[in-house]
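Colleague: I am new to this structure, and I would like to learn how to read a few of its features. Could you take me through them one at a time?

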Amino acid sequence: MPYSHITPANIFVCQQCGECCKGYGGTYVTPEEITAIAAYIKTDPETFVNTCCTFSGSHPILAQAENGYCIFWKDKICTIHPVKPRMCKAWPFLESVVTDVGNWEAMSAMCPGIRTEFPLDVIKRCVKEKLMEHQHA
């Protein structure tokens, strides 16, 4: 196989541009993430949800500032980086890419770190591999 040596590190190289910190559907936060972020910013979970989240249906998502970025993206840095949600940690290795590998190309339109010059089956394999790492971490 000519692409067997390609790894997740080959298909994505973060540029630290913050484009992934823009809205695009919102970043869901789990109860565990709410507790961790609230503790990190020295507040209680209820206050965190009331002041730092909006809702998508009944699910809390991180709020966005007027500029479209997550409220925790300030001065080109994630201010909750040590406790950022799983969705943020996983980017761009998301389940939606395994479901429809075409999402990789769609995401590449806004993320300069996503490389698209590899065959889609290689991208899908790398995304699955990275998702497995996150599950065992």
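This is a predicted model: local features need pLDDT of at least 70, side-chain atom pairs count only at pLDDT 80 or more; totals for chains, interfaces and linings use all residues.

Colleague: How many disulfides does the rule give here?

Modeller: In general, a disulfide is a covalent bond between the sulfur atoms of two cysteines. The rule asks for a pair of cysteine sulfur atoms within 2.5 Å, and by this rule the count is zero. Cys 111 is in no disulfide, the nearest cysteine sulfur being that of Cys 17, 5.8 Å away. Cys 126 is in no disulfide either, and for Cys 126 the nearest cysteine sulfur, that of Cys 111, is 15 Å away.

Colleague: Is Cys 126 buried or exposed?

Modeller: Buried means under 20% relative accessible area, exposed over 50%, and partly exposed in between, with a 1.4 Å probe and protein chains only. Cys 126 has 0% relative accessibility and therefore counts as buried, and Cys 111, at 6%, counts as buried too.

Colleague: Where should I look for a nonpolar core, and which residues of the largest one touch the most other members?

Modeller: In soluble globular proteins, nonpolar side chains tend to be buried together. A nonpolar core is a set of buried Ala, Val, Leu, Ile, Met, Phe, Trp, Tyr and Cys residues joined through side-chain atoms within 4.5 Å. The largest one has 21 residues, of which Ile 11, Trp 91, Trp 104 and Val 127 touch the most other members. Helices α5 (95-99), α6 (102-108) and α7 (120-135) each supply at least two residues of this core, and α7 gives the most, with five residues; helices here are DSSP runs (H or I, at least four residues) and strands likewise (E, at least two), numbered from the N terminus. Apart from this core lies another, of 15 residues, among them Val 29, Ile 34, Leu 62 and Phe 72.

Colleague: Which strand holds Ile 61, and how far apart in space are Ile 61 and Val 29?

Modeller: Ile 61 lies in strand β2, residues 59-62, and is buried, with a relative accessible area of 10%. Although Ile 61 and Val 29 are 32 residues apart in sequence, they are 5.7 Å apart in space, C-alpha to C-alpha.

Colleague: What angle do the axes of α2 and α3 make?

Modeller: Axes are lines fitted to C-alpha atoms, for helices over the stretch in contact, with angles running from 0 to 180 degrees between N-to-C directions. The axes of α2 (residues 31-40) and α3 (residues 45-52) come within 8 Å and cross at roughly 90 degrees.

How values were computed:
Residues are numbered from 1 along each chain as its sequence is written. Side-chain values use heavy atoms; hydrogens and water are left out.
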